[in-house]
Amino acid sequence: MTALPDRIRVVEVGPRDGLQNEAVHVPTDRKVRLVEALGDVGLSAIEMTAFVHPRWIPQMADASEVATTVRRRPGVRYSALVPNVKGYAAAAAADVPVVAVFMSATETHSRRNLNKGIDEAIEALREVTLAAQADGREVRAYLSVVFGCPYEGEVAPTATLAIAKRLASMGIGELSLGDTTGMANPTQVRRLVSALREEVSGLSLAGHFHDTRGTALANTYAAMLEGLEVFDASVGGLGGCPYAPGASGNLSTNDLVAMLEGMGIATGVDRDGLLEVTRWICQDVLGVSIPSREATAELARRAKAARVAAERA
Ligand code: HMG
Ligand code: MG
């Protein structure tokens with residue numbers, strides 16, 4: 001067990017993971033505004049979009065336009081999801097500084113998500129990584145379903161360790177551990193993170209928890225106890241993987257930031273500003289109720305305070 005950190009880096013994945021599964025088509029200018037607004041409230045790492053096949057993920061069909069239109073704030077690490085060299089060429093043309101590659105810890109999820117088995121997916125990921133490194137771009141990798149797979153059930157840590165070793169040998173900077181369908185529990189998280197830290201050197205780790213079963217914050221805390229300092233989260237708790245049935249809801253940035261700041265751990269995020277962005281994207285743009293518990297509670301508290309003030313006036 002390590003001491004808790006003073007500061008956590010939040011990687012905001014809402015514009016990609018949050019929107020990719022939304023049935024409502026979001027116009028490009030709203031996506032651009034979302035990325036810019038998230039930067040304005042202090043998120044220092046933002047995944048803008050995904051350069052994937054539009055037949056697979058129609059919501060991300062405007063990736064190039066989003067990435068080239070966003071007004072980039074100095075100091076913010078902008079990334080985009082890239083599945084293969086074709087996606088990389090488009091991301092490079094749009095001058096995306098951080099490339100996020102992805103693959104799965106199980107054969108079935110890999111085929112559903114990438115139309116490739118694990119070995120073939122690693123080769124595609126290696127090609128992208130080499131191209132990005134040659135161009136001086138940073139590479140971040142996601143490994144999905146590391147704790148449990150909707151098709152294959154519980155996933156043994158040995159499967160993840162074997163893949164992580166292969167990724168580390170490619171010089172990937174950061175590996176984000178995906179609990180794609182929110183199946184993990186804190187005991188599993190501690191076991192896997194400590195095994196990775198012991199057995200795979202040179203990889204820095206991030207947590208990517210979906211809150212499908214309400215365990216994302218507990219898993220975050222467990223990962224922090226094992227030394228993790230980077231967590232992915234989505235504005236309002238939007239999101240899910242289209243190839244992982246039931247993967248509703250990423251850990252919400254709102255819940256994460258509120259918990260961390262309450263614990264005295266800095267995130268750099270302006271919570272009031274984030275609440276306004278959350279209300280706008282969920283209610284005004286998507287017309288959905290806000291998944292985040294923190295944002296829902298805070299908006300209800302403010303509405304009640306306003307009613308009381310109006311009654312007194
Ligand atoms: P495929 O059909 O096997 O591709 O799809 P292919 O290489 O056989 O090529 C077929 C056609 O696709 C060709 O066009 C290619 O040019 C085109 P055609 O000749 O037929 O006209 N193509 C592309 N077009 C646009 N962009 C590309 C691209 N690549 C090939 N990049 C592919 C393979 C990887 C493209 C497809 O499976 C795909 O796009 N998958 C993306 C799936 C996805 O985005 N899933 C959700 C994100 S992952 C996630 O949410 C998990 C995560 O959050 C972590 C966690 O929670 O665990 C990251
Ligand atoms: Mg995800």
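**The ligand site**

Author: Ligand 1 sits in the largest pocket. "Sits" means that more than half of its atoms lie within 2 Å of the pocket's grid points. A pocket is an open set of points on a 1 Å grid over the protein atoms alone, where a 1.4 Å probe fits, with protein on both sides within 12 Å along at least five of seven lines.

The model is predicted: local features need pLDDT of at least 70, side-chain atom pairs need 80 or more, and totals for chains, interfaces and linings use all residues. Residues are numbered from 1 along each chain as written, chains are lettered from A and ligands numbered from 1 in written order, and side-chain values use heavy atoms, without hydrogens or water.

Now the shell. It holds 27 residues around ligand 1, each with a heavy atom within 4 Å. His53, Asn84, Asn115, Ser144 and Thr180 come nearest. By class, 13 are nonpolar, eleven polar and three charged; Gly counts as polar. Four elements each supply at least two shell residues: helices α1 (14–18), α4 (85–93) and α5 (107–114), and strand β5 (138–144). These are DSSP runs, with helices (H or I) of at least four residues and strands (E) of at least two.

Next, the polar contacts (N or O pairs within 3.5 Å). The side chain of Thr180 places a polar atom 2.6 Å from an oxygen of ligand 1. For Ser144, a side-chain N or O atom is 2.7 Å from a ligand oxygen. Asn113 instead faces a ligand nitrogen, with a polar side-chain atom 2.8 Å away. Taken alone, ligand 1 exposes 1,100 Å², and the protein buries 75% of that (Shrake-Rupley, 1.4 Å probe).

Conventions: Polar contact = N/O pair within 3.5 Å; in protein donor to acceptor, adjacent residues only side chain to side chain. 1 Å grid on protein atoms, 1.4 Å probe; cavity = no way out; pocket = protein on both sides within 12 Å on 5 of 7 lines; lining within 4 Å.
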